[in-house]
Amino acid sequence: MYQFLYNLIGNELIAGLLVAVVPLTIILVFALFGIWLERKVSAHMQDRLGPMRTGWHGWLQTVADLMKMLQKEDIVATGADKTLYNIAPILVFTGSFAAYAVIPFSSKLLGSEVEIGLFYVLAISSLVVAGILMAGWSANNKYSLLGAMRAAAQIISYEIPTALIVLSMVMLTGTLSLDKISQMQTSSFWNWNIFGGAIFGLSKFLLIPFMFVGAMIIFISTLAEVNRVPFDIPEAESELVAGYFTEYCGMKWGMFMLAEYGNMFAVSAIVSILFFGGYQSPIGYLGNSIGAQWLVPFEQGFWFIAKGLTLVFVQMWLRWTLPRLRVDQLMTVCWKYLIPYAFINLIIIGIISIL
Amino acid sequence: MNFYDIIFYIFAAITLLSALFVVTTRNIVHSAFYLLFTFFGVAGIYVLLGADFIAISQILIYVGGILILLLFGVMLTNKITNVEIRTGTVHMLPAAIASGIFMGAVVAVMVWTEWKSEPSVIPLTTTKDIGHLLLTDYVLIFELLGILLLVALIGAASIARRDKE
Amino acid sequence: MKQYFKNTWDGLFTVFIGMKVTFKHLFTPAVTIQYPDIKVKLPDRVRNRLYVNMDDCIGCDQCSRACPVSCIEIETVKSIPGEDLGFTSNGKKKALWVTKFDIDIAKCCYCQLCVFPCPTECIYMTDVYEFAEYERSNFIYKFATLTNEEAAQKKINYEKLQAEKAAAAAKPKPETPAQTENKSE
Ligand code: SF4
Ligand code: SF4
């Protein structure tokens with residue numbers, strides 16, 4: 001993508017900026033769509049209809065809300081620490097936006113082709129933690145601070161099972177590059193990592209159960225990392241108002257929302273790349289069979305978005321199914337259940353991949 | 001001046017300015033947060049040097065681990081603003097001489113070392129080589145560090161446990 | 001150890017059961033209605049916006065006194081002899097000009113206490129419940145049928161009558177309560 005634009009324009013800066021605009025657009029559009037989807041899914045699961053009056057089945061509702069949000073007064077509490085208060089939403093959004101730099105949307109549309117994409121995604125999400133702590137502390141509000149502390153503790157804890165599963169996948173595939181991992185799972189769905197990867201043999205069948213366990217663990221722990229229900233104690237509405245962004249309003253609040261939805265899609269994308277073949281089509285490409293090669297990247301983009309959205313839908317589905325965990329239960333789930341299982345999984349996958 | 005030079009100067013400025021704020025601000029939470037930008041700037045400079053693995057490790061370990069720990073520590077202190085960080089000055093003369101000598105040494109090293117200044121080829125991937133080196137040439141140090149961390153971990157766990165009895 | 005695996009299994013299994021339930025509900029038709037387009041039928045005796053049928057009101061002020069939040073304001077002027085105000089629909093003779101009958105519906109708590117004391121059953125609840133306004137002053141509903149000039153005329157008529165009466169009497173002594181009430185406006 002960058003190389004293509006660079007050849008087209010011939011200016012590094014402009015090409016770089018243009019490449020950066022692509023994920024930004026994707027986040028914005030996804031946030032608009034995702035918030036609407038969330039409302040509709042929640043409504044239908046509770047036998048309601050949700051927004052119906054702006055556009056067809058209320059699909060413009062989020063746009064209307066955005067317009068409202070942009071017009072809102074920017075209130076800063078008197079006791080707040082102004083500098084940090086203003087930086088925090090930017091930092092949180094930067095953290096979630098920066099993760100998109102390495103996510104391959106299709107074989108042609110990917111920002112950076114760095115070798116260490118997976119490692120980068122794990123690392124850059126720590127900016128979000130710093131931003132959340134900053135937001136919580138600077139608002140000078142007890143609820144915010146409590147929420148921020150909880151968020152930091154939770155995200156740091158749940159990074160461990162995520163990292164362990166990622167590690168086992170790295171051992172299996174032998175690369176940290178998200179693009180390469182996607183490429184390996186090509187042609188059809190039984191080559192996806194969840195079905196044991198592309199290499200056909202005994203190890204493939206041995207791997208399948210452990211891959212299912214791994215996919216489940218990483219899905220749960222990434223769910224916790226993006227603070228979604230049932231792991232939403234940092235922003236628990238019924239006890240902490242809104243957690244670390246209680247004091248924010250208008251577009252700064254909107255940036256937290258954008259970051260949250262950006263993160264949701266990013267972690268879904270990571271899970272789908274690691275286990276569900278990333279941008280690879282499950283059934284082969286139309287472009288290849290009718291001989292139109294230019295169609296393939298678009299199909300890949302479609303499959304990638306479809307997989308991402310499916311996982312996002314599962315996240316929402318869980319949100320409207322489960323109640324919130326208590327803090328000690330949250331830590332129990334992570335330290336006593338997910339981490340041991342992830343460790344055993346790591347060891348077994350290591351042994352199988354040596355076989 | 002090429003494009004990458006500008007980026008380098010931006011990162012350098014971020015690093016230096018935020019480091020300056022870290023030591024001058026009188027609010028220790030601010031100090032801790034400015035440290036974030038220092039770490040970030042250093043990571044940027046690593047990236048410009050082609051050391052992508054180190055850069056990401058820098059962010060993962062310093063921003064994601066140490067800084068957060070630091071913040072937790074700082075937020076648990078009861079006096080946050082107006083902390084008198086400077087302590088009294090004693091032994092002005094020996095201190096001045098010692099730091100003068102140290103600075104002279106550093107400057108001398110900087111001036112007299114023959115820096116490799118030809119633009120080297122930036123390796124496309126560093127991860128594999130780092131892995132190889134860690135498990136061949138530097139395996140002893142690697143293992144020692146692992147044991148050190150393990151000891152620290154066990155020590156921390158046992159300290160935390162003893163209080164409860 | 002057995003407990004541990006059982007916990008794991010229970011944790012996962014119950015989540016799947018819950019997800020099955022919510023998934024079923026995803027396709028259950030909605031039980032809610034699209035309110036402004038579809039409206040449910042209101043039950044009988046529902047309490048909503050008040051209405052006063054001024055043709056029947058005799059200006060007895062009982063509704064105003066019954067109101068717990070004092071949102072009804074009534075002013076009346078006595079009719080002078082020769083003026084025929086007619087009868088109410090249940091046969092009471094009207095004797096007072098109702099010059100002011102304001103209900104501040106924003107204050108009203110829909111308790112319906114004003115409805116029962118009315119001797120002519122002319123104040124009652126309707127089934128209108130959508131009456132939002134942009135101006136708060138629009139919530140003061142004025143039911144009096146007389147225009148301002150007419151009301152003023154009635155007052156003057158009455159005062160003239162009083163004055164004539166006072167002149168006719170040996171000692172001109174105005175009727176204090178009515179007088180002060182009229183003056184205090
Ligand atoms: S319904 Fe109740 S509150 Fe309303 S005017 Fe009548 S008495 Fe007053
Ligand atoms: S109680 Fe009935 S008749 Fe009497 S003033 Fe009120 S509305 Fe009129």
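Asn157(C) is buried, because its relative accessible area is 18% and buried means under 20% (exposed is over 50%, partly exposed in between, with a 1.4 Å probe and protein chains only). Asn157(C) lies in helix H3 of chain C. Helices (H or I, at least four residues) and strands (E, at least two) are DSSP runs, numbered from the N terminus. Leaving aside neighbours within four places in sequence, Asn157(C) is in contact with Ile80(C) and Glu83(C). Contact means heavy atoms within 4.5 Å.

This is a predicted model, where local features need pLDDT of at least 70, side-chain atom pairs count only at pLDDT 80 or more, and totals for chains, interfaces and linings use all residues. Residues are numbered from 1 along each chain as its sequence is written, chains are lettered from A and ligands numbered from 1 in the order in which they are written, and side-chain values use heavy atoms, with hydrogens and water left out.

Stay with helix H3 of chain C. Leu161(C) lies in this helix, which covers residues 148-168. Is Leu161(C) buried or exposed? Leu161(C) counts as buried, because its relative accessibility is 17%. Not counting residues up to four places away in sequence, Leu161(C) touches Ile80(C) and Pro81(C). Pro81(C) is 80 residues from Leu161(C) along the chain, and their C-alpha atoms are separated by 9.2 Å.

Now look at two loops of chain C. Ser70(C) sits in the loop between helix H2 (62-66) and strand E2 (72-78). Its phi is near 50°, a positive value in a residue other than glycine. Glu121(C) is in the loop between strand E3 (96-104) and strand E4 (123-125). The phi of Glu121(C) is near 55°, again positive in a residue other than glycine. Glu121(C) is exposed, with a relative accessible area of 64%.

Next come the ligands. A residue is near a molecule if one of its heavy atoms lies within 4 Å of it. Which residues come nearest to ligand 1? Of the 14 around it, they are Cys67(C), Cys108(C), Cys111(C), Gln112(C) and Cys114(C). The shell around ligand 1 has 13 nonpolar, one polar and no charged residues. Here Ala, Val, Leu, Ile, Met, Phe, Trp, Tyr, Cys and Pro count as nonpolar, Asp, Glu, Lys and Arg as charged, and the others, Gly among them, as polar. Ligand 2 has 13 residues around it, and Cys57(C), Cys60(C), Asp61(C), Cys63(C) and Cys118(C) come nearest. Its shell has 10 nonpolar, two polar and one charged residues.

Turn to chain B. Chain B has six helices and zero strands. Buried residues make up 23% of its 165 residues. Among contacts in chain B between residues at least 6 apart in sequence, 62% join residues at least 24 apart.

Two packed helices are described by the angle between their axes and the distance between the axes. Helix H1 (residues 3-24) and helix H2 (residues 28-48) of chain B pack at about 155°, with axes 8 Å apart. H1(B) is therefore roughly antiparallel to H2(B). Their contact has 16 nonpolar, six polar and no charged residues. Among the residues that meet are Tyr4(B) and Ile7(B) in H1(B), and Ser31(B) and Tyr34(B) in H2(B).

Finally, the chains together. Two pairs of chains touch, and the most contacts are between chains A and B. Chain B and chain C do not touch, and their nearest C-alpha atoms are 23 Å apart.

Methods: Axes are lines fitted to C-alpha atoms, for helices over the stretch in contact, and angles run from 0 to 180 degrees between N-to-C directions. Angles under 35 degrees count as roughly parallel, over 145 as roughly antiparallel, 65 to 115 as roughly perpendicular and the rest as oblique.
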